[in-house]
Amino acid sequence: MSGETTVSTAPASATGGTGVFASPSRFRLPWTTVVDARVDGSKLPKEVVLSVRDLTVAYRVRRGMVQAVRKVSFDLRRGETLALIGESGSGKTTLALALVRLLVRAAKVTDGTVVYQRDGRAVDVLRVGTDALRHYRWNECAMVFQSALNALNPVLRVREQFIDVARAHGMTNRATAEARTLELLKLVQLDAERVAGSYPHELSGGMRQRVLIAMGLLLDPQVIILDEPTTALDILTQRTVIDLLRRLKAERQFALILVSHDLALAAELADQVATVYAGRIVECGSVADIFYRPNHPYTVGLLNAVPTLSGDFRSLDSVRGQPPDLIDLPRGCSFLPRCPFGTSDCEREDPQLVSVVPGGPAIPGAGSHTAACFHAPVVAKSFSRHLQSAEVDEIASPDALADRGAR
Amino acid sequence: MSATVASPPPTPFPGIAMVRAFGRTLVALLRQPAGAIGLFGVVFFLLLAFVGPSFVVLDVKTKLGKEYQLPSSEFLLGTDYQGRDVFSQIVHGGRDIIIVATTTALITTAIAVSLGAMAGFLGGWFDTVVLAIADIILTIPQFPLLLVLATFVRLNNIVLLGVLLAALGWPALMRAIRSQVLSLRQRDYIEAARCLDLGTGHIVFQQILPSMTGYIAISFTLGMINAIFLQVGLIFLGLVPLSGNNWGVMLQLAWVRGAIFIKGGLGYILSPVVAISLLQLSLIMLARSLEEIFNPRLRKGN
Amino acid sequence: MVAASQSLAPAPGLSPLVAVWHSVTGNFVVRRVAKALLTIWAVATMTFFLVRLMPGNPIEQYIGQLIAQYGLPYAEARDMAASLFSVDLDQPLMVQYFGYLGKIARGDLGMSIKSQGAKVSDIIVAFLPWTIFCVGFSLLTSFILGIALGALMAYWRDSVLDYALTMIGSLLHSIPNYLIAMILIIFLGVRWELLPIVKMRGSMSPGMQPGFTVAFVMDVLFHAVLPIITYVVTTVGTWMLTMKASTTATLEEDYVNFARAKGLTDGRIRTAYVGRNAVLPLFTQFTLSIGFVFGGSVLIESIFVYRGIGQILVTAVSGRDYPVMQGCFLITTASVVFANLLADLLYGYIDPRVRVGQ
């Protein structure tokens, strides 16, 4: 397959690179306030493209306020892949949506900053105006939804939907846009002409996911967020998509945020893995750290829940219990009811993310391994004993997990 | 399919259950402003039409010199072209219309429910034929069809008029019932009932239909609205040789005799217009509130 | 690779005839046209047998009338009746039936009883266009106004505008259209004398020359404005409320949110992503309302004395002019069926998911 062809970069849009970094307009209506979202980029390391601090999202339901995301912080570097792993309702999708400000009307970002940096210029995405936001979306940061039938407009052909995106971002020449569409569809190994002329309901799930990925690459964004890219797909199609993503990552060097519940996916593609529970990151570290040296009981539980295909049959330990009620959170650790390591200390205070390595950085991101547990060392030791025991010879190594996905 | 068979909903004393359900619906209706108004409106007109005549005597005396009087203390809504009291005519005029509307709605519901349930449940050629007939009836414009039929059938009988109107009204409800039955057919407890060989009739009438009573109530109300619309239109055109006095006849006489051009005739022509409009409005508000109650999707905000 | 077209391919081993059958019946357009023709045929058949088989058979009645009134011998009366009703009374019933169908296909609908010597088809051709114009114009205006207002109500949910329009829409929807017509005449015409309703009778002023002149168009609109207002006012409520519900539901769809994620402009999202998808469910209602408005023309035209096919039908019914009645009814239904067909085909064009054979 000629997927190896080098693809031209997106033609410069009419807004140029100033789109999201534009200074606030001088013209404003008398009763509005203009916020300058630009941030001093000198304090950030050059490679950090996205710096999230204390992001908090809550939304109102009849019973009260749902704390969907609670003070999440992390740094994402250029070309790096961060996997956000958690069960349904953990808040990982809400977190992703907050990064592009696509929350439902009832939800509000109540605290935090999301700083986006490129070429030395930085803005707080949460404070940019609507025009700048429109340029930010897809141009700088593309969030690709799950490939369910509903992600694409059912009454427009695929080609038209690509051209819509191109036109919205300044690519007014239809011929150029069409050519680029075909180029991208070939890149994701689809029959370009046929797919471009099809309607969404005529494509299979795997094809649609690849169309969505191709669309994400249309404007060469610096950050791509993928929400459950392999969830609705069968095993073989998953393999195709994962291989495709790996190749694209190597070629294009975009930063990738993967939102999923699938550990195997993280094992395949991620550099950094963060486990999300009850709206918070409870552990974050490199792939090797998470899979070989987990420090949080929830991470251990997730690892143990993956059945082994090789080795002796042992009983499945899934994490017992239910996620907590996000409206009425307990004062102490939210994982306590399901935690085999819990003590009375855990009731009193909600543990914050601290570095597992003494003296190391406490912000999730490359070069740090953090966990939010008072008993982290105990957990780590117990897991390494577990690893060494006779039953589990090749448990949960990233390669082993990847192999399982392939078979 | 689930491993355990869900038991069919219990119906020990269907009468008591129905009364209770009716009571609950009533309370829910009264909670909504539109529902309360609609219910009171309908009750008001029912009382007016059926209880009113016992208190208000129909004025049939021709009074020369008192034609087309404006409303006064003597004639609450004025007089007609023969000097007769309009108010008494209004009180007596609702009965026929409501009876026809109810008859029509009853027959329509009966036909639609039976055919729809059977068609949905049995499928096959029966389903195809019923659906084709329904489609054709739905496509043909109702009013012209009624006109044509009215020339062949002497509509001097209330029940006959009701039957005729019902013959046109059943397809809409039938299709809805049929599609509901089709979807319910897949449910587990129906499968269980079939396995237990409980008989088609039992399954249809005791398992499927009870879950649709809300919908049927709404369709009944809508059927009444449509029946009133059609019959008054027919009467207005002079095609229904009903003797006696009802709002439709009042309308027709007033129009034909040019009451609109005479100053005092306003009461005569507007009274039936307002009466019919208010009745229809009450029925529609009732239907809409019922829909809110039985159709939780419409409720705002989960 | 494109999944849907595979479903139309016949299984290997079946004869080519079945393959042709499948491709023909699978075609969306062919199916709709066939259904339309079937309905018209059913109506024609129904009218034929109604006239011939009902008690008080109009043909026999007419023959008796001719004999009584003019003292004609039976044979002559029968011949006259036969030509008027365009049937051949000598033949057995089924042959008459096919003859009748044949005549209809050729456009021969018989002769009027009341207006001696006038061909039914001529009468219809003279009056049908006025109704089609009036009804068509109203439906279009009502639809466009309704979906615009409905979309507005959806975007400005729970605002004052929303509540006001909802109430007005429900109100107008429940009052029968002929009552609204009467109210319009009573208040606008007689009470407050805002409009010269006497002069507005008829479909055009006497002496006006038909043609594409501004004067003619203005005159036509002058005469048609009250019926149009009545039709629009009584149907716009449905469109508004349905479009509001549909738009509200569409706004929650994933592809709308995804469109915003892609940075598309609000305008583009509102039209091509929300609007086009929200309008789809309204089309089924549109076909129903075509029949309703056309049928209602019978009453509305009588009230406003608008010379259209509705009024002709009423006159024919009161005067027991059976051939005219039959012909009008048939043509009215055929018009509705045809309009439904157009709406169906348009729907197939707009919603690509429907085009695939089912």
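How many residues of chain B are in contact with how many residues of chain C? Counting two residues as in contact when their C-beta atoms, placed from the backbone, lie within 7 Å, 27 residues of chain B touch 37 residues of chain C. This is a predicted model, so to speak of local features a pLDDT of at least 70 is needed, side-chain atom pairs count only at pLDDT 80 or more, and totals for chains, interfaces and linings use all residues. Residues are numbered from 1 along each chain as its sequence is written, while chains are lettered from A and ligands numbered from 1 in the order in which they are written.

On the chain B side of that B–C contact, α5 (124-139), α6 (142-152), α10 (213-236) and α12 (266-294) each put in at least two residues. Helices here are DSSP runs of H or I with at least four residues, strands are runs of E with at least two, and both are numbered from the N terminus. By residue class, this side of chain B splits into 20 nonpolar, seven polar and no charged. The classes work like this: Ala, Val, Leu, Ile, Met, Phe, Trp, Tyr, Cys and Pro are nonpolar, Asp, Glu, Lys and Arg are charged, and the others, Gly among them, are polar.

Chain C also meets chain A, with 28 residues of chain A in contact with 24 residues of chain C. Here α2 (130-139) and α3 (158-168) of chain A each supply at least two residues of the side that touches chain C. The most comes from α2(A), with five residues. This side of chain A divides into 14 nonpolar, eight polar and six charged residues.

Back in chain B, Tyr68(B) sits in the loop between α3 (52-55) and α4 (86-122). Is Tyr68(B) buried or exposed? A residue counts as buried if 20 or more other C-beta atoms, placed from the backbone, lie within 10 Å of its own, as exposed if 12 or fewer do, and as partly exposed in between. Tyr68(B) has 20 other C-beta atoms within 10 Å and is therefore buried. Setting aside neighbours within four places in sequence, Tyr68(B) is in contact with Thr79(B), Tyr81(B), Ile262(B), Gly264(B), Gly265(B) and Tyr268(B). Gly248(B), by comparison, is 180 residues from Tyr68(B) in sequence and 19 Å away in space, C-alpha to C-alpha.

Within chain C, helix α3 (residues 58-70) packs on helix α4 (residues 74-85) at an angle of about 135°, with the axes 9 Å apart. Axes are lines fitted to C-alpha atoms, for helices over the stretch in contact, and angles run from 0 to 180 degrees between N-to-C directions. Angles under 35 degrees are roughly parallel, over 145 roughly antiparallel, 65 to 115 roughly perpendicular and the rest oblique, so α3(C) and α4(C) are oblique to each other. Ile59(C), Tyr62(C), Ile63(C), Leu66(C) and Ile67(C) in α3(C) meet a set of residues in α4(C) that includes Tyr74(C), Arg78(C) and Phe85(C).

Chain A has 13 helices and 13 strands, and 47% of its 407 residues count as buried. Among its contacts between residues at least 6 apart in sequence, 69% join residues at least 24 apart.

Two strands are taken to pair if DSSP finds at least two bridges between them. One open sheet in chain A has five strands in the order β1-β6-β5-β2-β3, with antiparallel pairing; its edge strands, each pairing on one side only, are β1 (38-39) and β3 (64-77). Ten bridges join β2(A) to β3(A), and eight join β2 (residues 48-61) to β5 (residues 107-118). Leu50(A) has Leu76(A) as its bridge partner in β3(A) and stands opposite Tyr116(A) in β5(A). Next along, β5(A) and β6 (residues 121-124) are joined by four bridges, with Gln117(A) partnered by Ala122(A). These two form a hairpin with two residues between them, and Asp119(A) in the turn has a positive phi of about 50°. Helix α1 (residues 92-99) lies across β2, β3 and β5 of chain A, at about 65° to β3(A).

A further open sheet in chain A has eight strands, ordered β7-β8-β9-β4-β10-β11-β13-β12, and its pairing is mixed. Its edge strands are β7 (141-144) and β12 (354-355).
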